[in-house]
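Welcome, and please have your viewer ready with the selection panel open. We will go from stop to stop, and at each one you will get something to select and a note on what is there.

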Amino acid sequence: MAIPHPHDRLFRAAASNPERALHLLRLVLPESAFRKLDATSLRIESGTFIDEDLAEVRSDLLLSARYDGMPVLIYLLLEHKSEVDRMVPVQMLGYLVNVWNAQHSALPGAPLSPILPILISHADGGWTGPVALGDLFGGVLAKHPELVPFVPDYRLVLEDLQRRDDESLRQAALDPGVALTLVALRDARRRDVLATLRRFMGELKAVAARRDAKLLLEQIVAYLMQVPPDLSLSELRDILVEAHADPEEIMATIAEQLRGEARAEGRAQGRVEGRVEGKRETVLEQLKLKFGDLTVEQKTVIENATPAELDHFARRVLSADDLSAVFAPEA
């Protein structure tokens, strides 16, 4: 069974720890901005402001901190689709608006917090899309500067992992878990990803030795088992042994996690199917009460109907004068 949303799981396991999140911010923020952050005030905000229909392809995390004495929010977005999506500045703007709306609902009279929008990309070939909202207007604003005051614009902080080599990551003196996470995200689609892991053996040993990094190590291994093409599990086991980690324990934990998720998915699917069947029975009962017995063909239509079609039939029952009106095609 595949691990659901492996990019999201790995990113959250790494960045949901304030200490590791601070190391990540030190890497991606301009030095002048990072110096003004109060490291002791950094907090992981609960919840997510991501759109439900994008949940399959996005990972996001909201942080809060004091910035030069004032409250500020930091929005981290991991772009993990294989192709660059040039509409990310628009999508990010939607997430920021969601955060500000939530702030206003909680504290109607308080000023809104500035948000630092950070995009972390490991798209194949590097990030080639726009990083500013204004870039999406195709030069219109440059030709018509009188329109600039009326068009919103902002710029993303871009961290393009495909442009980061090993040396630049090492020079950043990152937390070992953050360094491992970033190189795993960067190189996971490469066939030589295990060679990358060997190059970062020191970081791997440091993570394996820390009890508080156990979850992160498991997510890194799970990610490497899921994403790379034709990964050699025997070589991965050898690397874990060399790092003084227990591959059997890690594999067993991942397997148990998958079994638990499969059970949860089955229960959720069962609840959905139960609701649909209940809706189907309700529509059949409404039709019978209002119009009498249905034909075999009409019953078959209801029994094979999708949830959306059942809603459609339920609405028609209210206004239809006969069964033919209920089953008539859309005008």
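One term before we set off: a polar contact is a pair of N or O atoms within 3.5 Å; within protein, one must be able to donate a hydrogen and the other to accept it, and residues adjacent in sequence count only if both atoms are side-chain atoms. With that in hand, select Ser 121: its side chain reaches the backbone nitrogen of Ala 123 at 3.2 Å.

Some ground rules for the whole tour. The model is predicted, so local features need pLDDT of at least 70 and side-chain atom pairs count only at pLDDT 80 or more, while totals for chains, interfaces and linings use all residues. Residues are numbered from 1 along each chain as its sequence is written, and side-chain values use heavy atoms, with hydrogens and water left out.

**Stop 1: around Ser 121**

Stay with Ser 121 and show strand 4 (residues 115-121), where this serine lies. Helices (H or I, at least four residues) and strands (E, at least two) are DSSP runs, numbered from the N terminus. Is Ser 121 buried or exposed? Ser 121 is buried, at a relative accessible area of 0%. Here buried means under 20% relative accessible area, exposed over 50%, and partly exposed in between (1.4 Å probe, protein chains only). Now display the residues that Ser 121 touches: setting aside those up to four places away in sequence, they are Glu 79, Trp 127, Leu 158, Glu 159, Asp 160, Leu 161 and Gln 162. A contact means heavy atoms within 4.5 Å.

**Stop 2: the whole chain**

Zoom out and color by secondary structure: the chain has 15 helices and five strands. Of its 331 residues, 43% are buried. Among contacts with a separation of 6 or more, 67% are between residues 24 or more positions apart.

Next, select Leu 24, Leu 25, Leu 76, Ile 118 and Leu 236. These residues have the most contacts inside the largest nonpolar core, which has 61 residues. Apart from that core lies another, of 17 residues, including Leu 62, Val 99, Trp 127 and Leu 136. A nonpolar core is a set of buried Ala, Val, Leu, Ile, Met, Phe, Trp, Tyr and Cys residues joined through side-chain atoms within 4.5 Å. In soluble globular proteins, nonpolar side chains tend to be buried together.

**Stop 3**

Select helix 4 (residues 88-106). Its 19 residues reach 27 Å from the first C-alpha to the last, close to the 27 Å expected at 1.5 Å a residue; the expected span is 1.5 Å times one less than the number of residues. Which residues of helix 4 are buried? They are Val 88, Pro 89, Gln 91, Met 92, Tyr 95, Leu 96 and Val 99. These residues are on the same side of helix 4, because they cover an arc of only 165 degrees around the axis. The arc is that of the directions from the helix axis to the C-beta atoms.

Move on to helix 9 (residues 201-208), whose buried residues are Met 201, Glu 203, Leu 204 and Val 207. They cover an arc of only 160 degrees, so they too sit on the same side of their helix.

**Stop 4: positive phi in two loops**

Select Ala 173 in the loop between helix 6 and helix 7. Ala 173 is not a glycine, yet its phi is positive, at about 50 degrees. Ala 173 counts as partly exposed, at 48% relative accessibility. Then select His 244, in the loop between helix 11 and helix 12 (247-291). His 244 has a positive phi of about 65 degrees, although it is not a glycine, and it is exposed, with a relative accessible area of 65%.

**Stop 5: polar partners**

Select Ser 64 in strand 2 (residues 58-67). Ser 64 is buried, with a relative accessible area of 14%, and its side chain makes a polar contact of 2.5 Å with the side chain of Glu 45.

Finish at Arg 12 in helix 1 (residues 6-15). Arg 12 counts as partly exposed, at 25% relative accessibility. A polar atom of its side chain lies 2.5 Å from the backbone oxygen of Asp 60.
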